[in-house]
Amino acid sequence: MLKRLEIVGFKSFADKTVFDFSAGLTAIVGPNGSGKSNIVDAIRWILGEQSAKSLRGGEMADVIFNGSTSRRSHGLAEVTMTFDNRRRQLAVDMEEVQITRRVYRSGEGEYLINGQPSRLKDIKELFLGSGAGADAYSIIAQGQVEVLLQTSTKDRRTIFEEAAGISRFKAKKFETLRKLERVDQNLARVKDIIEEVDKQLRSVKQQAAKAERYQEYSSRLRDLRVALALDEYHRLSLRLEAESAELSRLRGELDQSAARAAASEADAERLEFFLADLDDALHDQEARLARIVQEISNQEMTLTHEAAVIADVEKELERTRRRWTELSQRVSALTEAVEAAQVEVAAAEAEAAAQRQQTQALESELDHLERRWSALQQQLALDQAEHLEQMRRAAHRQNE
């Protein structure tokens, strides 16, 4: 039994309007143009009416409130019907069933049953056999009784079957027959496929036997190639490890030679600093000697003028000569030390030159080993590429 009808934005109902249908006879009265027919159209629309012409419109979007001089238009129309289903007249195990339909300006629409999105098919199946529906006898418009009386026997039979509640079963029967027809067509196609497969089965079996033998030979060939590749890989890996160890050893020797050369260069630099200090001391002694010689000259020039102090001058001259002798001895010693330092510097330079030559020889050998290492890596890359190419060819032949 219809319990409540809610209309929002449908035709002339701009505001939300709720109609409560209590038990007994309910009538809606009003003058012409008050919207009585719009209520009937709303009921037909929510029950699944798809013809805009039956709803007195050109297209489905015409049911949306189009606005007026004082009200703006709506973007959608929505109608909700609530049914009392305590007698289980509708095929839903609920005491209250709420049906909602919406349509938008874009033409999109949706159906809801108790707030859950549904299909039009679900709405129609819900009302099958209940007497309600867009084309059922529950909605009889003005003048439709005379049309029913004058209609054909087939159309009247449809209305009577709906009233008797057997339209639901006829719809299920029609759907079942369509499914059986599709199943028969599928069975016919399956039989044709089976016949075609039976014809091809013998040749396929022969091809399968050949394919099995080919798979066996291909598997054996693949195993042999993998074993060969593994053996080659292990051999090259051992060779690579040996070359890497030799390279590490040579690099260690090169580092030691470089360290010795650096130590020799440090000793040579230290001796050069020492020689420079000796040279500075010699220059100081020479300057001092020059000053002393200058004093002697001055004293000799004043001898003729200072006869009274000649004895003192001679004594001073004797002391000066002794100092000269000492300085000469010191100069000789410094000269010998300089010569010894020069010999040591020459020896250090010779040793540094020898170390440099040895370092250059080791660097040359290292370059040779690095070029050999690069060549081995290139050869290894070529071998791996050749191996991958052989594997690709084998896979290609296997696929063929």
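A surface patch here is made of residues with over 30% relative accessible area and no salt bridge, with like charges joined within 9 Å. Accessible areas come from the Shrake-Rupley method with a 1.4 Å probe, and only the protein chains shown count as cover for residues. A salt bridge is a side-chain nitrogen of Lys or Arg within 4 Å of a carboxyl oxygen of Asp or Glu. Lys and Arg count as positive, Asp and Glu as negative; His and the chain ends are not counted. A charge is placed at NZ of Lys, CZ of Arg, CG of Asp or CD of Glu.

The model is predicted: local features need pLDDT of at least 70, side-chain atom pairs count only at pLDDT 80 or more, and totals for chains, interfaces and linings use all residues. Residues are numbered from 1 along each chain as its sequence is written, and side-chain values use heavy atoms, with hydrogens and water left out.

**Stop 1: the charged patches**

Select Asp277, Asp279, Asp280, Asp284 and Glu286. They form a patch of negative charge on the surface. Asp277 belongs to helix H5, residues 167–301. Helices (H or I, at least four residues) and strands (E, at least two) are DSSP runs, numbered from the N terminus.

Now pick Arg288, Arg291, Arg323 and Arg330, which make up a positive surface patch. H5 and helix H6 (310–399) each supply at least two residues of this positive patch. Arg291 sits in helix H5.

**Stop 2: the sheet**

Show the strands. Six of them form an open sheet, ordered E2-E1-E3-E4-E5-E6, with antiparallel pairing. At the edges are strand E2 (17–20) and strand E6 (116–118), each pairing on one side only. From one strand to the next, the twist averages 20°; axes are lines fitted to C-alpha atoms, and angles run from 0 to 180 degrees between N-to-C directions. Two strands pair if DSSP finds at least two bridges between them.

Walk across the sheet:

- Strand E3 (residues 76–84) and strand E4 (residues 96–104) run antiparallel, joined by nine bridges. Select Thr82: opposite is Gln98 in E4.
- E4 and E5 pair antiparallel over five bridges. Arg102 faces Glu110 in E5.
- Four residues separate E4 and E5 in their hairpin, and Gly107 in the turn has a positive phi of about 100°.
- Three bridges link strand E5 (residues 109–113) to E6. Leu112 has Pro117 in E6 as its bridge partner.

**Stop 3: a salt bridge**

The salt bridges number 14. Select Lys16 and Glu6, whose side chains meet in a salt bridge at 3.9 Å, N to O. Lys16 lies in the loop between strand E1 (2–8) and E2, and Glu6 in strand E1, so the pair ties together parts 10 residues apart in sequence.

Methods
Patches are made of residues with over 30% relative accessible area and no salt bridge: like charges are joined within 9 Å, nonpolar side chains (Val, Leu, Ile, Met, Phe, Trp, Tyr) within 5 Å.
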